[in-house]
Amino acid sequence: MTDLSAIIADIVAEMADAPERGKVADYIPPLATVDPMKFGIAVIEADGTCHLAGDADEPFSIQSVAKVFGLTLALGSVGDQVWKRVGREPSGTAFNSIVQLETERGIPRNPFINAGAIVIADILLGRRQPSEAIAETLRFVRALAGEDGIYIDDGVAADEQRTGFRNKALANYMRAFDNIVHDVDQVLGVYFHQCALAMSCRQLALTGRYLMSGGRNPETGHSIVSANRARRINALMMTCGHYDGSGEFAFRVGLPGKSGVGGGILAVAPGKASIAVWSPGLNERGNSQLGTLALERLVQRTGWSVFEPL
Ligand code: GLN
C-alpha cells in the first residue's frame, strides 16, 4: 500500500466517526433517501495510479458537479462567446438565487450557479433537439472517464422537473432579458438531465483528469481543451465552485473544486491529482460537510494546496 492509499483509508476511518455529518438534501425523494453514512473517496494521480476508499464505487447523483462538464462542452462549441452571456465573478449568493439577475440584466454572475448553468444549457441546445444535447453530455463524460457505465437517472431528472420551480423562474426571468433564446422547457430539460448524471467517485475522478493535466486526457494524451482553457476552468472552480461557500473552501482546502447537492465534490490538484469525494450530508451552503473536511485533511497530509510553495 502506498502512502496515499494509507492516507485515504485513514480519512475514511476518521469520517466514519465524525459527529457532524450535515443534512441530506430533501427536495426530491431519490436524494432524501440516501444513507447519510455513505462516504467515498477516489484519488487519481497524474501517472494514472488510482486510490479508492469507502464507497468509492457506488454511483450517486452528481448534480451541480456536472456544471463543470457543461461549461467545458459549451466552451468547445462556441468558445469565448460564452462570456458574453455568463460572467466570471463569484456570486456570494446561494446556488439558486435570483436577486442579482435583476440589476445585472439577466446575465448570471458565473457558470456554476444555477442561473449560469441554465444559460450554458441554452448554449448546448444550439440548433439541436434536447435529446441530442443530453446524449452529447452523456457521451462526453463517458469518453472523459473511459467508462460506458455512467448513466443519467431518469427518475431524478423527472423529480427535478416536477419540483424545479426556482429553476423555472430563473430560466423565465433570463428569457425576459433575451439571455435564454430557446424554449424554456427544452432548456430546463437539458439542465435537469445534466443534474441527474449518476457517477461513482472513481468515475468522477476519472472524468476530471483533463483538469489536472493541462487539458489532456493523461492516459491517451488526447487534448480535451487547451491548457489555457483548463487553467481558466480551474480558476472558476476555485472562485465560484462552492457558491457562497467558495471563499471558505479556498481557505480550508486550497484547490479548485465543484460541489453538488448530492454530496459530491470534484477537486483538482493541478499536475498532481484528480480527486472525487462523496458524503451526502450538506453544510448550510449546500456543500458536502464531510467531503470538505476530508479534502481539507487530504491536502494537509499531501501538501497539495495550490497555495503551497513549490
Ligand atoms: N438540481 C439542483 C438544482 O438545480 C442542483 C443544485 C446543486 O447541486 N447545488 O437546484
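Which helices and strands do the buried residues of H7 pack against? The structure is a predicted model, in which local features need pLDDT of at least 70 and side-chain atom pairs count only at pLDDT 80 or more, while totals for chains, interfaces and linings use all residues. Residues are numbered from 1 along each chain as its sequence is written.

In helix H7 (residues 154–163), Val156, Ala157 and Glu160 are buried, a term that requires 20 or more other C-beta atoms within 10 Å of the residue's own, with C-beta atoms placed from the backbone. These residues lie on the same side of H7 because they cover an arc of only 100° around the axis, the arc being that of the directions from the helix axis to the C-beta atoms. The buried residues of H7 pack against helix H2 (29–32), strand E4 (60–61), strand E5 (151–152) and helix H9 (184–195), where contact means C-beta atoms, placed from the backbone, within 7 Å. On the face turned away from the buried side, H7 carries Asp154, Gly155 and Arg162, which are exposed, that is, with 12 or fewer such neighbours. Helices (H or I, at least four residues) and strands (E, at least two) are DSSP runs, numbered from the N terminus.

At the level of the chain, the domain assignment, which is automatic or from a database, gives domain 1 (3–58 + 200–302) and domain 2 (64–197). Their centres, taken over C-alpha atoms, are separated by 21 Å, and the contact between them takes 29 residues from domain 1 and 31 residues from domain 2. On the side of domain 1 that touches domain 2, the largest share, 6 residues, comes from H12.

Key:
Contact = placed C-beta atoms within 7 Å.
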